[in-house]
Amino acid sequence: MIVRKSPMEIERMYASGQLVGRVLAALRAMVRPGVTTMDLEDRAVAMIREAGATAAFKGYYVPAARKKFPAALCTSVNHEVVHGIPSRKRVLREGDIVKVDCGVLLDGYYGDSATTIPVGSVSRETELLLRITCEALDLAIEQMVEGRRLSDLSHAVQGHVEGAGFSIVKEFVGHGIGRQLHEDPQVPNHVDPKVPNPRLREGMVLAIEPMVAAGDARTRILRDRFTAVTRDGSNAAHFEHCVAVTANGPRLLTAV
Ligand code: MG
Ligand code: MG
């Protein structure tokens, strides 16, 4: 069931979205060679606490892993696609990319956003991977208009990514968001005739999150039961924003 939000609820979701956006901006500013993924976690935890919010991922039960996620952030380096666990031992090095995914609960509403940050200077191909994935998200956001269908978003992402010669990670999808972190509908990044394809209506809020691999997009899960990596070891990018369908068009909640 898709839960549509009132304009007042969307204002609250904007507040949680802005907090997530500020956290990611602060982390982007601190990423450099020598920083560990746990340094990012520590900063995020402090900012979330200061804002009087709760980290949404920490303690979140993941059925596929049969356990709770242990941190506030997912930090996934290079071929790790999503759901990497912050660690003091994971030192970022020149040429790496780190995906940072952050979720918060503030005043009863969730915010969820992710970005991919280059560490120092990265290869030309990696730069292109990041740019194309980010652009694919922007194209999907443009489709968040009353009357369009969910598959219009998926189509926009898939066309842009595959047109550039990259591939879509299909095992993970975006989602509705609101009083729950994950609500209906599922938001696939490729056109999938097997999932419901509702019309977009005012008040729908979606977390749109293309995940893209430079090579083969098939993934496997590491022994920690959370971290998803590309099987072929190719780099992956991930960008995510929460977006509301409003009478005035798409409203981006997590961009600062
Ligand atoms: Mg996320
Ligand atoms: Mg999400």
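Which residue bridges the magnesium ion (ligand 2) and the magnesium ion (ligand 1)? Asp 112 does, and the two ions lie 3.1 Å apart.

The model is predicted, so local features need pLDDT of at least 70 and side-chain atom pairs count only at pLDDT 80 or more, while totals for chains, interfaces and linings use all residues. Residues are numbered from 1 along each chain as its sequence is written, chains are lettered from A and ligands numbered from 1 in the order in which they are written, and side-chain values use heavy atoms, with hydrogens and water left out.

The magnesium ion (ligand 1) is coordinated at 2.0 to 2.5 Å by Asp 101 through two OD entries, by Asp 112 (OD) and by Glu 240 (OE). Donors here are N, O and S atoms within 2.8 Å of the metal (3.2 Å for Na, K and Ca); water is not among the atoms, so sites may look incomplete. The donor residues of this ion are spaced D-x10-D-x127-E in sequence. Distant parts of the chain are linked by Asp 112, in strand E7 (residues 109–118), and Glu 240, in the loop between strand E15 (236–238) and strand E16 (241–246), 128 residues apart. Strands (E, at least two residues) and helices (H or I, at least four) are DSSP runs, numbered from the N terminus.

Asp 112 counts as buried at 2% relative accessibility, and Glu 240 is buried at 0%. Buried means under 20% relative accessible area, exposed over 50%, and partly exposed in between (1.4 Å probe, protein chains only).

The magnesium ion (ligand 2) is coordinated by Asp 112 (OD), His 175 (NE2), Glu 209 (OE) and Glu 240 (OE), at 2.1 to 2.2 Å. His 175 and Glu 209 are both buried.
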